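The structure comes first, then the contacts.

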Amino acid sequence: MKGLFRLSKTLVLAEKPSVGRDIAAVLNCHKKGNGFIEGDNYIVTWALGHLVTLAEPDAYDSKYQTWRIEDLPMLPNELKLVVIKKTGRQFNAVKSQMARNDVKDIVIATDAGREGELVARWIIEKARVNKPIKRLWISSVTDKAIKEGFRKLKNGKEYENLYAAAQARSEADWYVGMNATRALTVKHNAQLSCGRVQTPTLGIIAQREEEIKNFKPKPFYGLKAKSREFNLTWQDSKTKEYRTFSKDFIEKVSGKLKSEKKAEVTSVDKSLKKSFSPGLYDLTELQRDAHKIFGYSAKETLSIMQKLYEQHKLLTYPRTDSRHLSSDIVETLKDRIQAVSIKPYNLLAAKAMKSSGKLGKAFVDDSKVSDHHAIIPTEQTAFLNSLSDKERKIYDLVVKRFLAMFLPPFQYEQTTITAEIAGETFVAKGKRIIELGWKEIFDRQSSSEESGDGLSDQTLPKIEKGDVISISSIEQTSDVTQPPARFNEGTLLSAMENPKRYMAGENQDLIKTISSAGGLGTVATRADIIEKLFNSGVIENKGKSIMITSKGKQLLDLAPDELKSPALTAEWEQKLEAISKGKLNKNNFISEIKAYAKQSVHEIKNSTKKFAHDNLTGTKCPDCGNLMLEVKNKHGKKLVCKDRECGYRKNVSKKTNARCPNCHKRLDLRGEGDGQMFTCVCGHREKLSTFNERRKKAKNSKVSKSDVNKYMKKQDDAPVNTALADALAKLKLDK
């Protein structure tokens, strides 16, 4: 009788193999299959990111295989799903497990967010499986978090609105991006990519460039009175400003004070001030700091975070837009502090442990947490030697922010001295640290740190009201106002997060819409948007600054007006949020998007504006005879045929990880076949064949790691005193 009954199992769908293996281990699944791991009660399988995506236009009509402006707009009634070819094998593996007779239900265990929901639901929909769905919603993938998550599985129906929002986002990008990009590209015979987030982001960069171009520097002036122990700064008695734009006025004041050698102290104000620790990290804030401190790109920081979350399990879910904790996390904080009680954090962690649990609304606020709380360490102890240099640096940023939350405020005494010289007011400010507090975690502030009003803090002597100070000199100072700085990846992320400050001329209602919508894109997509702008050649890095290219300027001139404004895409993000909360119907939103796509195509078709290639070379295409374009991106240079339909392209140079033997900078590889050559900015040139020969000789002159391991395995416990053995043993230890 026992053989007549089949066990009912639960299928668990993870987003990546590494997370799938972690979940399988917790659920006691050990039998490995083709793309899955099975146990007595569970089968764990995984995606490889997206396995399913929206179909290309030619899936709806073969005429769309050729790009023609008369075939636009493309507005299918419903968008189709297709299996991605390169991951088709894994899709079939997942589908076959879902369809098994002994699988009673499915647990979605993809990333707990809008995009993770889309990954899983599209797979289930394409597999045409109709079984009950549950949802694993966790913020870290430690064993403890996985076990707790499976004890508190959610009903899949609770996340159907989130899926609808994810679908709406993807479909909106298809309708707008596909149509606008094809219309612009065909109309101007140039690769012109347009999208609902990337185009207004480009618009923000262009607006900043315009501000810099139109900026007119203004000279301003001031006075410094120097004493033996400290300096005083002149203050306008009427405006209370420390500078004036009138040169005649400052020279008049300077002339009046020329022979003065005494300053009488009219007031000494002392006040106790506190500075509380900065908020916890969300992804955007972490990307900003990583770029500012280490020069990492937004995409690179996200990639490092994903490893620390998935592979090392040391940090919580990275794609969060919250800088607060939810109240249910508070009881886990001591375990998290304990996990980071390792060198070099052990002493700070001990102090944090004493004050843990005493956190106010600045850090713990359920109303400020949507899908996920701020990024903090997990309860798993780190082995720092197992982390790469970049992983360790990002981990360090998060741990220090986390520990700072528990330490007391930075307290200091602010002293302001006001003195009078011949009827003119002069001011000096100083700071005396009372308690370092959370700043103990970070570098001590410089004694010359500038205060909020532009005065530099300095060490002040003991001084009282009525004292007379000897002045050695009074000097006139001057400077000019500076234009706004160009964006780098860190500051561009800030602009995408809060674009309202870059919307001069927009009406107040639209600005309010953007403010409530949370900016351009999401924390999870902003890094990819910036990368797309670089790769499409509309922006480039010059030093540390992002510059718009000629192609980028022309694209903005040619693109539909509404699509360039941050207001439109921010309004759409607000509507996507409403869909996720069940307050807006997805179909109504898509109808609006289709109408907009139709309008955009009409505007592009009827435009009389022209596109001019600024990267045209004298080289002719070997296939069609047209001139070639030189295209640059982060990976190097290539020549591309001017005629988009020809499609011929040839690599000119590509950036490599090979290093110059002279200056040790990265080399570029130029040419093709036997003529390939490495070149360096320092002037070094070397044939690829010569480089390979040199590298081969260097490799042969070293003892390889495998040789070390083989030798060490052959040795017994008896000491060996040969020079070779000593050298190999040392290499083994070094390794």
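Asn161, Leu162, Ala164, Ala165, Ala168, Arg169 and Val176 in α5 meet Trp572, Leu576, Ile579 and Ser580 in α18. Contact means heavy atoms within 4.5 Å. This is a predicted model: local features need pLDDT of at least 70, side-chain atom pairs count only at pLDDT 80 or more, and totals for chains, interfaces and linings use all residues. Residues are numbered from 1 along each chain as its sequence is written, and side-chain values use heavy atoms, with hydrogens and water left out. Helices (H or I, at least four residues) and strands (E, at least two) are DSSP runs, numbered from the N terminus.

**Helix pairs**

Axes are lines fitted to C-alpha atoms, for helices over the stretch in contact; angles run from 0 to 180 degrees between N-to-C directions. Angles under 35 degrees count as roughly parallel, over 145 as roughly antiparallel, 65 to 115 as roughly perpendicular and the rest as oblique.

| Pair | Angle | Axes apart |
|---|---|---|
| α5 and α18 (residues 566–580) | about 150° | 7 Å |
| α9 and α12 (residues 389–404) | about 85° | 10 Å |

α5 and α18 are therefore roughly antiparallel to each other. Their contact residues divide into eight nonpolar, two polar and one charged. Ala, Val, Leu, Ile, Met, Phe, Trp, Tyr, Cys and Pro count as nonpolar, Asp, Glu, Lys and Arg as charged, and the others, Gly among them, as polar.

α9 and α12 are therefore roughly perpendicular to each other. On the α9 side, the contact uses Glu300, Thr301, Ile304, Met305, Lys307 and Leu308; α12 supplies Lys390, Glu391, Ile394 and Tyr395. Five of these residues are nonpolar, one is polar and four are charged.

**Cores**

A nonpolar core is a set of buried Ala, Val, Leu, Ile, Met, Phe, Trp, Tyr and Cys residues joined through side-chain atoms within 4.5 Å. Buried means under 20% relative accessible area, exposed over 50%, partly exposed in between (1.4 Å probe, protein chains only). The largest core has 80 residues, of which Met98, Ile123, Leu202, Ile539 and Phe589 touch the most other members. Helix α5 (residues 160–188) gives this core its largest share, twelve residues. A second, separate core of 45 residues includes Tyr281, Val340, Val399 and Ile441.

**Helix α13**

Seven of the nine residues in α13 (residues 489–497) are buried. They pack against α6, α8, α9, α15 and β17.

**Asp668**

Asp668 is found in strand β22 (residues 666–670). Asp668 is buried, with a relative accessible area of 19%.
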